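Please open the model in your viewer and keep the selection panel at hand.

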Amino acid sequence: MNKLIPAIKVKNLNFYYDTQKILEGVSMEIYQSKVTAIIGPSGCGKSTFIKCLNRMCELEGEAHVEGKVEFFNQNIYERRINLNRLRRQVSMVLPKPNLFPLSVYDNVAYGVKIVGWRPKVELDEIIESAIKEADLWDEVKNKLHKSALELSAGQQQRLCIARTLAVKPKILLMDEPCFGLDPIASMKVETLIQSLRLRSELTMVIISHNLQQVARISDFTAFFHTNENRIGQIVEFGTTKKMFSNPIDSRTRDYVFARLP
Ligand SMILES: Nc1ncnc2c1ncn2[C@@H]1O[C@H](COP(=O)(O)OP(=O)(O)OP(=O)(O)O)[C@@H](O)[C@H]1O
């Protein structure tokens, strides 16, 4: 394996909503141009954790963070951080497609326009290229000016990914991107993640309960669990190959081996 460069270093992260501690002592690195999966039972803090990586956790309640999250060596919890810029660079795709009631084209253009004005020709190129990158072009090229909400759920999710790709993030956080999709639509999203993995420099973090999928698409896996006080912790981190064949911790073993054939 080539030399691993940490894009994000999480150092002893504690996270609270109000006074309720949700995560404790989480330390791990997310490597550049790799896919890192976050797995663990429901309620162990996976979504909260990835929302801490671009400070989206602060949008959901009275959030309090201790410790550090360094994005290319800068602590994102410093006061002077520009949150819009951070969230463009560390972008999130949610479990359910969250498109605007706008056309396919305008949904993808939305984020690009916020970043700055572009001549129409250039904007057209950016949009076409992002939709192609999301493996969706052939399906929507004749519907660019129709409502995005008329697309199927799987197409909508890939359009959300296109919208994110259009602003050229460095890191793509995906919270159960195949949630609620039928097996074919789910496989298309998975194929898209695979193709991004092979042909781009993008760093990806994905939460999934589907361990077969995690085994296919990720390079590294972090296993989270709650402790005896029901606070989320990281139990084990390693290459996906090692985590799924020879995990060290008995809790990882129990979780992984119960879900893999
Ligand atoms: N906005 C919020 N305010 C208060 N508590 C929250 C909030 N969001 C999540 N929690 C709590 O944080 C804990 C972790 O939730 P989180 O959604 O991060 O877990 P998860 O591992 O992603 O679960 P799942 O696999 O079911 O999606 C849960 O106890 C949840 O109730």
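The stops below each begin with something to select.

**Before selecting anything.** This is a predicted model, in which local features need pLDDT of at least 70 and side-chain atom pairs count only at pLDDT 80 or more, while totals for chains, interfaces and linings use all residues. Residues are numbered from 1 along each chain as its sequence is written. If you colour by pLDDT (the predictor's confidence in each residue, from 0 to 100), the protein chain has a mean of 95, and 100% of its residues reach 70 or more. For the complex, the predictor gives an ipTM of 0.97 and a pTM of 0.95.

**Select the whole protein chain.** In cartoon view you will find ten helices and ten strands, where helices (H or I, at least four residues) and strands (E, at least two) are DSSP runs numbered from the N terminus. The radius of gyration is 18 Å, close to the 18 Å that the globule rule gives for 261 residues, so the chain is as compact as a globular protein of that length; the radius is taken over C-alpha atoms, and the rule is 2.2 Å times the number of residues to the power 0.38. Along the principal axes, the C-alpha atoms fill a box of roughly 55 × 45 × 35 Å. Buried residues (20 or more other C-beta atoms within 10 Å of their own, C-beta atoms being placed from the backbone) make up 41% of the 261.

**Select residues 8–256.** An unreviewed UniProt entry places the feature "domain: ABC transporter" here, although such annotations may be inferred rather than shown by experiment. This stretch is 38% helix and 27% strand, with its end C-alpha atoms 25 Å apart.

**Select Gln-233.** This residue is found in strand 10 (residues 232–239). Is Gln-233 buried or partly exposed? Gln-233 has 17 C-beta neighbours inside 10 Å and therefore counts as partly exposed, a class lying between buried and exposed, the latter meaning 12 or fewer. Beyond its neighbours within four places in sequence, Gln-233 is in contact (C-beta atoms within 7 Å) with Glu-24, Gly-25, Val-26, Phe-224, His-225 and Asn-227. To finish, draw a C-alpha to C-alpha distance from Gln-233 to Cys-57, which lies 176 residues away in sequence and 17 Å away in space.

Terms used. Contact = placed C-beta atoms within 7 Å.
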